[in-house]
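Have the structure open while you read.

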Amino acid sequence: MRGFLDACVTHSDVKAATMLMIMSQTFFKAQQHPVKKSTVSKGSDDDEEETEEEDDDTEKEFVQWTISGHPIWKDLLFWEEAFLHIVREEVEKNHTSFVSRGSDRSKRRQEANYHYKQIVFGQLGSIAVNMISFGMSMDMTKAFILKMCVANGLSEEEMKALVFIASK
């Protein structure tokens, strides 16, 4: 997977790296630990029977933990491109929500702007959480949030909410 990410960097393939990032938070391998045995008493005080019971001691090792040290996750340009990519995809998926009926052009523009900002807010929250999860500092993430909020016309309240989300 690290080789895959190296190729993503070489070919500027933000889409593939973003898909791997999402999948890495879902896929895991089970790590088996030595099974612990415990003794359990069954029956009444008169009729005690000793049995051994095995505890299932399986932990999940997510792919994210393996790839989170890759340099791509420290590259602010990657995060900008990833953010713009996922916003564009969401806009394309939801383009019908940008088209309203009626003859009031100003109202249509306001509705389209509202829908766009909703997409930007949601995707920026997602990217910010991922930035933290993949090792970006909170300071760098805050700076990124501020920059994207200003660039996309989000309010100061929305920016503060996004910083709060990222910090949790």
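Glu90 and Lys93 form a salt bridge, and their closest N and O atoms are 2.8 Å apart. (A salt bridge here is a side-chain nitrogen of Lys or Arg within 4 Å of a carboxyl oxygen of Asp or Glu.) Before going on: this is a predicted model, where local features need pLDDT of at least 70 and side-chain atom pairs count only at pLDDT 80 or more, while totals for chains, interfaces and linings use all residues. Residues are numbered from 1 along each chain as its sequence is written, and side-chain values use heavy atoms, with hydrogens and water left out.

Why are Glu90 and Lys93 separated by about one helical turn? Because they sit three residues apart in helix α4. (Helices are DSSP runs of H or I with at least four residues, numbered from the N terminus.) Lys93 counts as exposed, at 60% relative accessibility. (Buried means under 20% relative accessible area, exposed over 50%, and partly exposed in between, using a 1.4 Å probe and protein chains only.)

How many salt bridges does this rule give? The count comes to three, and here they are:

| Pair | N to O distance |
|---|---|
| Glu90 and Lys93 | 2.8 Å |
| Glu156 and Lys160 | 3.5 Å |
| Lys147 and Glu80 | 2.5 Å |

The Lys147 and Glu80 pair ties together distant parts of the chain: Lys147 belongs to helix α6 and Glu80 to helix α4 (residues 76-93), 67 residues apart. Lys147 is partly exposed, with a relative accessible area of 45%.

Glu156 and Lys160, on the other hand, are both in helix α7, four residues apart, or about one turn of the helix. Glu156 is partly exposed at 49% relative accessible area, whereas Lys160 is exposed at 52%.

## Two helices crossing

Now look at helix α6 (residues 138-151) and helix α7 (residues 156-167): their axes come within 10 Å and cross at roughly 150°. (Axes are lines fitted to C-alpha atoms, for helices over the stretch in contact, and angles run from 0 to 180 degrees between N-to-C directions.) That makes α6 roughly antiparallel to α7, a label for angles over 145 degrees.

## A nonpolar patch

Which residues make a nonpolar surface patch of about 310 Å²? They're Met19, Met23 and Phe27. (Nonpolar patches join Val, Leu, Ile, Met, Phe, Trp or Tyr side chains within 5 Å, using residues with over 30% relative accessible area and no salt bridge; accessible areas come from the Shrake-Rupley method with a 1.4 Å probe.) Met23 lies in helix α2 (residues 14-24) and is partly exposed, with a relative accessible area of 40%.

Terms used. Patch = residues over 30% accessible without salt bridge, like charges linked within 9 Å, V, L, I, M, F, W, Y side chains within 5 Å. Parallel < 35°, antiparallel > 145°, perpendicular 65-115°, else oblique.
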